[in-house]
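I am opening a notebook on a structure that is new to me.

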Amino acid sequence: MKKPVAHIALFAYLAVVALVIILPLVYVLFGSIRPTPAITGTLWDLLPTGFTWDHFASAFNRAPILRQMLNSAIVVVAQTGLQVLTSVLAAYAIVFGNFRRPGLILGAYLVTMMIPNEATVVANYLTIRQLGLFDTIVAVFMPFVASAYSIFLLRQTFLGFPTEIKEAATVDGAGPMRFLFRFLLPLTRPTVMTVTLVSAIAAWNGYLWPLLVTESPTARTVQVGVKALFDEADTDFGAGLAGLIVVSIPTIILVIVGQKFLARGLTEGAVK
Amino acid sequence: MQSTNLFGQPNGFVGSDNFAAMFSDPDFWRTLGITVLFMLGSVAGKVIVGLAIALPVSQRVRGTGVFRASVLIPMAVSTAVAGLAFRALMTPSTGLFDVIARALGGDNVGWLTSTNVSLLSVIIVDVWTAIGFTVLLLLAALDSIDKQVFEAADVDGARFWRRTFSITLPLITPTLFFVVVTQSIQALREFTIINVLTAGGPADSTRTLVIDIYQAAFGGTADYGASSARSIILLVLILALTAIQFGVLERRVNYR
């Protein structure tokens with residue numbers, strides 16, 4: 001690949017690919033700031049022509065977006081916090097708990113990974129109804145406070161933890177809690193960060209389950225809310241597009257900030 | 001294996017009635033066929049697009065680093081947002097896709113309204129949302145290939161295409177297998193994209209198994225029995241694929 005012609009061809013090809021990849025977002029962004037009509041139905045839609053905040057104002061008027069973003073934020077914090085807590089404790093117990101058959105417990109956890117959420121929604125939905133939690137935020141995150149995937153990732157990392165440090169900590173009189181929070185977690189921070197980030201993004205992006213267990217606009221999470229906004233804003237297309245932009249800002253920031261950990265989470269276990 | 005009354009309360013044990021009803025329902029078999037078509041199209045699209053991006057980027061030509069970042073963009077938006085963005089692009093007549101089709105001398109395609117195209121449209125969106133995942137995985141595999149292999153090939157005078165098909169692809173088959181199996185599972189589970197884009201329509205042409213599960217229980221009929229019977233089929237399909245996944249991974253470990 002030293003010939004300049006080949007170099008330029010490769011560069012041009014990659015540039016086109018990159019443009020195609022970002023096209024949907026650019027299209028939505030330009031539409032959300034274009035004075036009405038947001039979408040003109042001409043090739044001018046590819047470029048930013050004009051500027052207005054009107055569609056954003058309209059989006060906020062049509063749907064309780066801020067309330068829904070708050071709901072999603074609560075779900076993210078509760079779901080991620082509880083999931084990371086239960087996973088850390090479970091992985092700690094499996095690795096350092098002196099069980100006779102830790103593999104058996106781990107195996108039982110891993111079996112649940114093979115059962116897709118989509119196959120259990122009916123059962124979970126009926127449970128939530130019976131518990132009287134339908135249309136509440138608690139219902140949205142409750143099934144996800146434990147995760148076999150997070151336990152597995154943490155367990156793999158804890159297994160590689162040097163036993164010398166564990167022994168030294170014990171000799172120094174560190175109890176299990178102190179060892180866990182002062183030694184183990186700080187030293188395995190990359191994995192803990194990965195698990196936290198993957199869990200947080202999944203929580204923010206959840207769609208099917210929140211769609212099933214919430215009903216009123218003020219109880220919806222933002223993903224379900226923005227779909228409803230898009231459906232209802234039929235004649236006010238710009239408002240729907242503006243809603244998409246608002247909803248995407250948190251995850252775009254998260255992905256930019258955490259891309260290193262994200263890439264790790266994806267390739268973990270796939271590429272040795 | 002229970003029936004439900006009008007209010008969705010379990011109504012007693014009915015043996016295999018729900019399954020018998022499902023298997024004798026031609027619509028169920030059509031759904032299953034659409035599910036398989038969606039899975040095959042989506043996986044093939046992801047592998048081809050993933051390679052078409054990862055192979056050139058892995059060449060590490062100066063200045064191509066910025067393109068590595070662009071594949072992260074689909075990961076930064078939720079599936080629901082991606083689906084809705086494409087719904088805007090695929091809007092009949094005024095959406096950009098139809099605008100471009102007309103500019104190229106074609107006709108409005110009916111991306112989401114034609115029963116012939118709708119499945120392809122949801123596959124396109126599914127492929128787009130997975131670009132980050134597939135390209136990152138394939139890049140990691142390509143980057144880990146020993147550079148000496150290529151130097152030897154260069155000495156032998158192997159050209160790019162021959163090098164790709166005879167050396168590169170065989171060396172990353174474990175990762176390709178992994179992508180195929182995980183993405184097959186993912187395609188079987190895909191709900192958001194189809195719900196947002198077509199809700200299973202037009203005329204049920206994009207009604208996959210998961211959409212069927214949803215519609216049976218929550219699409220007005222509250223037939224939890226029929227929905228659960230379909231869930232069991234989904235579970236069996238995914239368990240089979242998972243078994244294959246573990247089998248393949250097990251073999252890979254032995255290769256090394």
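**Entry 1: a loop in chain B.** I began with Asp204(B), which I found in the loop between α12 and α13 of chain B. I noted that this is a predicted model. I then looked up the backbone angle of Asp204(B). Its phi is near 60°, a positive value in a residue other than glycine. Is Asp204(B) buried, exposed or partly exposed? I read 17 C-beta neighbours inside 10 Å, so Asp204(B) counts as partly exposed. Being buried would take 20 or more, and being exposed 12 or fewer.

**Entry 2: Ala199(B).** I stayed with the loop between α12 and α13 of chain B, where Ala199(B) is also found. Ala199(B) is not a glycine, yet I read a positive phi of about 55° for it. I looked up its surroundings too. Ala199(B) has 16 other C-beta atoms within 10 Å, so it is partly exposed.

**Entry 3: cis bonds.** Which residues does a cis peptide bond join in chain B? I found Gly201(B) and Pro202(B), with omega about -15°. Pro202(B) has its place in the loop between α12 (192-197) and α13 (209-218) of chain B. I noted that this loop of chain B also holds Ala199(B) and Asp204(B). I then turned to chain A. There the peptide bond from Thr36(A) to Pro37(A) is cis, and omega is near 0°. I placed Pro37(A) in the loop between α1 and α2 (54-62) of chain A.

**Entry 4: the make-up of chain A.** How many helices and strands does chain A have? I counted 14 helices and zero strands. Reading along the sequence, I wrote down α-α-α-α-α-α-α-α-α-α-α-α-α-α for chain A.

**Entry 5: the dimensions of chain A.** I looked up the radius of gyration. Chain A has 23 Å, whereas a compact globule of 272 residues would have a value near 19 Å. Along the principal axes, the C-alpha atoms of chain A fill a box of roughly 70 × 65 × 35 Å. I also checked burial. Of the 272 residues of chain A, 39% count as buried. Next came contacts in chain A between residues at least 6 apart in sequence. Of these, 74% join residues at least 24 apart.

**Entry 6: domains of chain A.** The domain assignment gives chain A domain 1 (4-52) and domain 2 (64-267). I read 34 Å between the C-alpha centres of domain 1 and domain 2 of chain A. Their contact takes seven residues from domain 1 of chain A and six residues from domain 2 of chain A. What classes of residue does domain 1 of chain A bring to domain 2 of chain A? I listed four nonpolar, three polar and no charged residues on the side of domain 1.

**Entry 7: where chain A meets chain B.** I ended at the contact between the chains. It takes 49 residues from chain A and 57 residues from chain B. Several elements of chain A give two or more residues to the side that touches chain B, among them α1 (4-33), α5 (117-131) and α13 (237-257). Which element gives the largest share of that side of chain A? I found α1(A), with 14 residues. By class, the side of chain A that touches chain B has 36 nonpolar, 10 polar and three charged residues.

How values were computed. Residues numbered from 1 in each chain as written. Chains lettered and ligands numbered in written order. Predicted model: local features only at pLDDT ≥ 70, side-chain atom pairs only at ≥ 80, totals over all residues. Domains from an automatic or database assignment. Contact = placed C-beta atoms within 7 Å. Nonpolar A, V, L, I, M, F, W, Y, C, P; charged D, E, K, R; others polar. Helix = DSSP H or I, 4+ residues; strand = E, 2+ residues; numbered from the N terminus. Rg over C-alpha atoms; globule rule 2.2 N^0.38 Å.
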